[in-house]
Amino acid sequence: MSSATAQRNSFAAVLWDYLTTVDHKKIGKLYLYGGGFFFLLGGLEAVIIRIQLIKPENDFISAGLYNEMITMHGTTMIFFAAMPILLGLMNAVMPLQIGARDVAFPFVNALGFWLFLFGGIMLNVSWLTGAAPDAGWTAYAPLSTTSPGHGVDYYVLGLQISGAGTLMGGINFLVTIVNMRAPGMTYMRMPLFSWTTFVISVLILFAFPALTVGLFLLMFDRMFDSAFFDVALGGNSIIWQHLFWIFGHPEVYILILPAFGIFSEIFATFSKKRLFGYTAMVFATILIAFLGFMVWAHHMFTVGMGPVANSIFAVATMAIAVPTGIKIFNWLLTLWGGNITINSAMLWSLAFIPSFTIGGMTGIMVATSVADYQYHDTYFVIAHFHYVIVGGVVFGILAACHYWWPLMFNRILNEKLGKWAFWLFFIGFHLTFFIQHFLGLMGMPRRYWVFLEDQGLDLGNFISTIGAFFMTAGVIVFLYNAFYSWFKQGPAPQDPWDGRTLEWAVESPTPYYNFKQLPLVRGLDALWLEKMEGNGKLAPAEPVGDIHMPNGSILPFLISLGFFIAGFGFIYQTTSDLAYILLYGGMGMALVCMLIRSLKDDHGYHITKEELEKEAR
Amino acid sequence: MSHDHSLNPETMPQHPEKATLEGKNKFLGLWFFLGGETVLFASLFGTYLALKNSTAGGPTTQELYGLELVFVMTMLLLTSSLTSVYAMYHMKNNDFKKMQLWLGITGLLGIGFLACEIYEFYHYIHEYGFTFRSSAFGSAFYTLVGFHGGHVLFGLCWLSAIMIRNAKRGLNLYNAPKFNTFSLYWHFIDVVWVFIFTVVYLMGKVA
């Protein structure tokens with residue numbers, strides 16, 4: 001089996017390999033490609049929004065198209081760019097960090113990826129069929145239930161399909177971390193990125209089902225004439241808001257906590273110091289996750305829940321600033337007195353601290369429920385959440401790309417290009433969003449496709465749009481860097497950053513079985529410990545022996561394709577009976593493939609001890 | 001080689017469902033999955049509680065529900081949980097035939113439950129004109145109870161698939177975790193029904 005994979009080289013063979021792979025490293029790359037593609041798409045939508053707002057009463061795009069742009073930008077960036085890229089990084093790095101040969105359920109891992117991809121494609125097919133979703137990324141009822149055409153239907157089905165994939169990913173990471181840590185890798189020796197993976201998997205597990213239910217209710221109302229949000233039949237549209245935010249608030253922590261994990265790794269590595277306050281960092285992460293479930297209604301202060309509910313949710317929200325503050329200070333103290341290297345990964349991380357802190361501070365401002373009546377639905381809120389999501393999550397993703405690129409792609413990204421990308425993006429980011437705080441305070445509402453002349457909004461919007469062009473330039477330079485490093489740079493050495501954690505202890509490029517012998521972990525920062533107190537190599541925890549590997553399978557792809565086809569059936573059965581062919585055909589295909597998976601024994605295969613010894617020579 | 005996980009009764013480990021890493025992973029993974037399912041049903045319960053009085057002029061919960069049928073359904077499902085425990089007991093004693101027998105009884109009880117539920121829905125629709133579309137209460141009721149019924153149906157399909165697949169080859173370390181995860185899932189479905197019985201039917205009759 002192993003020799004067969006090495007021989008395949010043609011394009012078709014590589015394609016087939018990726019379609020059937022269950023290897024966490026390849027799935028990680030697939031997530032990165034898919035998420036990266038949607039990131040570019042969402043970015044393009046953002047630029048179109050900003051061009052429309054470059055001057056007063058602009059007519060670059062129509063009002064209807066503008067609504068579609070803002071909806072698709074938000075939905076794409078949250079669900080199909082940020083989430084999958086982070087899941088990709090977790091897939092690529094976490095098993096190596098805890099010393100595992102793969103995740104607990106490699107088949108389910110592949111299924112999760114394909115469901116995400118087909119969900120994202122489903123959503124974007126709406127551009128081609130005439131109407132994209134236009135009810136905002138939050139899809140509030142009754143706007144979403146009464147939106148004409150099939151746009152919102154695509155939103156519902158696209159998110160439902162990809163959401164199922166994300167839930168599987170979360171369960172998979174949880175089981176992997178509980179059951180498959182290397183000998184000696186206790187919980188309190190796990191690198192922070194693995195810890196945050198663990199914690200956000202819990203968040204995914206308990207948050208996504210609320211979205212699943214909300215989407216089902218919306219789907220039933222739109223496609224099967226139920227009355228959940230139909231006030232005429234006793235329905236209640238606030239239920240959607242609750243379900244959406246019970247999911248939606250933990251979701252922002254699902255995005256930011258992995259970024260916190262990434263920065264913790266990078267600060268420690270490039271300061272040549274152990275992470276300051278490791279234990280406090282772990283508990284702050286857990287506390288943020290716990291409190292994250294208690295604050296959803298702060299998105300609904302102006303709904304009219306009453307002063308008591310508003311106050312409780314306001315106080316709970318502000319409480320999150322405490323563990324987050326602990327984290328900020330721990331990062332600063334990790335840097336303090338460290339032997340600091342400043343490279344691209346470190347630049348993104350250093351820029352994160354002030355950017356994110358600004359976002360955190362405006363977070364406290366909007367959490368003040370009384371003042372929020374003023375901020376609500378203005379550009380102040382837009383500025384706030386872009387400071388935390390771009391300044392936190394996107395900076396984190398880009399930092400992680402520079403940091404783990406050698407591990408994932410066996411190349412080091414070019415430093416000069418990396419710094420160009422950083423400065424263009426960093427300056428552009430602050431140009432775009434800082435001014436939006438003031439636009440919001442001056443009363444500019446979000447989601448309006450035009451603004452009037454001479455109301456003090458002209459210059460601010462112009463500056464904001466120029467900033468967006470800088471960010472675009474930064475992304476293009478980064479993209480060029482990715483291709484440049486692939487074609488022009490030589491292979492990366494093993495452990496290029498003088499790393500501290502287990503992922504840098506594996507050979508470069510990483511063998512498909514990860515570890516020939518599972519390592520014995522003797523403490524926190526396992527590799528660094530061996531460098532300082534041992535011979536620089538991890539002691540094996542087992543003799544060389546047969547390694548059990550999972551078989552690849554095309555079934556995850558086919559199952560997802562089945563649900564994808566059935567999605568069109570659900571959408572169009574309202575207007576055409578022919579769509580039932582798609583509905584039953586697609587569901588049948590998915591269910592039969594699941595049955596095959598259940599009935600057909602799949603014991604995997606073994607790499608024998610002899611093969612391993614032969615490869616070593 | 002190790003592809004053949006069949007073991008004779010003398011060497012079968014005490015917990016065949018958790019003897020391999022795959023088995024342990026499945027066991028834990030299903031528990032986590034049930035955690036997610038809890039939130040799913042909690043959201044449906046919340047929706048139901050918010051909408052149960054929104055009858056839009058249709059029948060109220062007091063007029064609609066009859067506890068006799070629901071009592072029978074509860075007994076059927078609770079008993080099926082017990083029989084699945086017997087099945088797991090025989091699995092641990094490596095007595096494949098008895099395990100299949102008790103699993104079969106579990107499945108029959110499940111089918112009985114589902115038949116009652118289908119009759120109940122039929123009754124509401126034809127006697128009361130109470131449908132999925134007639135009011136927000138109707139939508140919430142059929143969605144909550146229907147999601148549970150759908151879980152029962154899925155469980156029955158799952159059960160028959162693994163029973164038929166393994167009928168001829170007996171128990172081994174590869175399929176023991178599959179039977180065990182089914183049993184866990186089945187208990188969960190039972191627990192959800194206890195809540196539906198209390199929150200939907202009992203509270204609906206009293207309130």
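Let's start with a bend: helix α6 of chain B has a kink of about 25°, and that kink is centred on B:Phe197. Keep in mind that this is a predicted model. How far apart are the end C-alpha atoms of this helix? They are 44 Å apart, and since 31 residues at 1.5 Å a residue should span 45 Å, the two values agree. The helix in question covers residues 176–206 of chain B.

Over to chain A, and a helix to set beside that one. Helix α5 of chain A, residues 106–128, reaches 34 Å from its first C-alpha to its last, close to the expected 33 Å. Is α5(A) covered or open? Mostly covered, with 17 of its 23 residues buried. After α5(A) comes A:Gly130, which has a positive phi near 110°.

Now let's zoom out. Chain A is made up of 21 helices and two strands, and 55% of its 617 residues count as buried. Along the principal axes, the C-alpha atoms fill a box of roughly 70 × 65 × 50 Å. For contacts in chain A between residues at least 6 apart in sequence, 82% join residues at least 24 apart.

Last stop, friends: the interface. Here 32 residues of chain A are in contact with 31 residues of chain B. On the chain A side, α7, α8, α9 and α20 each give two or more residues, and α8(A) gives the most, with eight. By class, that side has 21 nonpolar, eight polar and three charged residues.

Key
Residues numbered from 1 in each chain as written. Chains lettered and ligands numbered in written order. Predicted model: local features only at pLDDT ≥ 70, side-chain atom pairs only at ≥ 80, totals over all residues. Contact = placed C-beta atoms within 7 Å. Helix = DSSP H or I, 4+ residues; strand = E, 2+ residues; numbered from the N terminus. Nonpolar A, V, L, I, M, F, W, Y, C, P; charged D, E, K, R; others polar. Expected span 1.5 Å × (residues − 1). Bend = angle between axes of the 7 residues up to and from the residue. Buried ≥ 20, exposed ≤ 12 C-beta atoms within 10 Å, placed from the backbone.
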